[in-house]
Amino acid sequence: MNNIDDIDRRILTELQRDATLALDALGERVGLSRNACWRRVKALEASGVIRARVALLDPAKLGLGLTVFLQIRAARHDAEWLEQFARATRALPEVQGVYRMSGDLDYLIRAQVADMADYDRLYQTLIARVPMGDVSASFVMQEIKHSTEIPLTHV
């Protein structure tokens, strides 16, 4: 873990909320000069704490209003299957997250699609690329909370 002090935490909090902040404004909010703030941000980037600065898009306004979670049971438990699965899921732009899980299922996939027909196309593509033991899907009816902000209270 990196040594993150209170000023770094304040910088990270501000950038998580608005990565477009000008250095002058960011420095003012965290109590640093523009140059001191720039050095801190560059150090956080160099250490990998800041991985990227991105725009967060509204999927519904782009015609991709259906979020689906796919629960996957692997067909096999070996390195070859895992590599095939990883390659397949990384190649699908609709797939936003893939997680190896503990418990009853092996993997959880989060995907963003237009509608049920689009989901079916994604499903057909995935099972054509990788043999699956079992696939089930749950569709988000209401998004109650979604945040990309990492909590920094205990860092």
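The model is predicted, so local features need pLDDT of at least 70 and side-chain atom pairs count only at pLDDT 80 or more, whereas totals for chains, interfaces and linings use all residues. Residues are numbered from 1 along each chain as its sequence is written, and side-chain values use heavy atoms, with hydrogens and water left out.

The chain holds five helices and four strands, arranged along the sequence as α-α-α-β-α-β-β-α-β. These elements are DSSP runs numbered from the N terminus, with helices (H or I) of at least four residues and strands (E) of at least two.

The radius of gyration of the chain is 20 Å, while a compact globule of 155 residues would have a value near 15 Å; the radius is taken over C-alpha atoms, and the globule rule is 2.2 Å times the number of residues to the power 0.38. Along the principal axes, the C-alpha atoms fill a box of roughly 55 × 35 × 25 Å. Of the contacts (heavy atoms within 4.5 Å) between residues at least 6 apart in sequence, 66% join residues at least 24 apart.

Charged side chains number 20 positive and 21 negative, and the centres of the two sets lie 5 Å apart. Lys and Arg count as positive and Asp and Glu as negative, without His and the chain ends; each charge is placed at NZ of Lys, CZ of Arg, CG of Asp or CD of Glu. Side chains of opposite charge can pair when their charged atoms come close. The whole structure contains 14 salt bridges, each defined as a side-chain nitrogen of Lys or Arg within 4 Å of a carboxyl oxygen of Asp or Glu.

One of these bridges joins Arg 34 to Asp 24, with the closest N and O atoms 3.3 Å apart. The pair links distant parts of the chain, ten residues apart: Arg 34 belongs to helix 3 (residues 34-46) and Asp 24 to helix 2 (residues 23-30). Arg 34 is partly exposed, at 45% relative accessible area.

Another bridge connects Arg 53 and Glu 45 at 2.7 Å, N to O. Arg 53 is partly exposed at 43%, and Glu 45 is also partly exposed, at 25%.

Within helix 5 (residues 116-129), Asp 118 and Arg 121 are three residues apart and therefore separated by about one helical turn. Their salt bridge brings the closest N and O atoms to 2.8 Å. Asp 118 is buried at 15%, whereas Arg 121 is partly exposed at 37%. Finally, Asp 5, Asp 8 and Arg 40 are linked in a network of salt bridges.

Methods. Buried means under 20% relative accessible area, exposed over 50%, partly exposed in between (1.4 Å probe, protein chains only).
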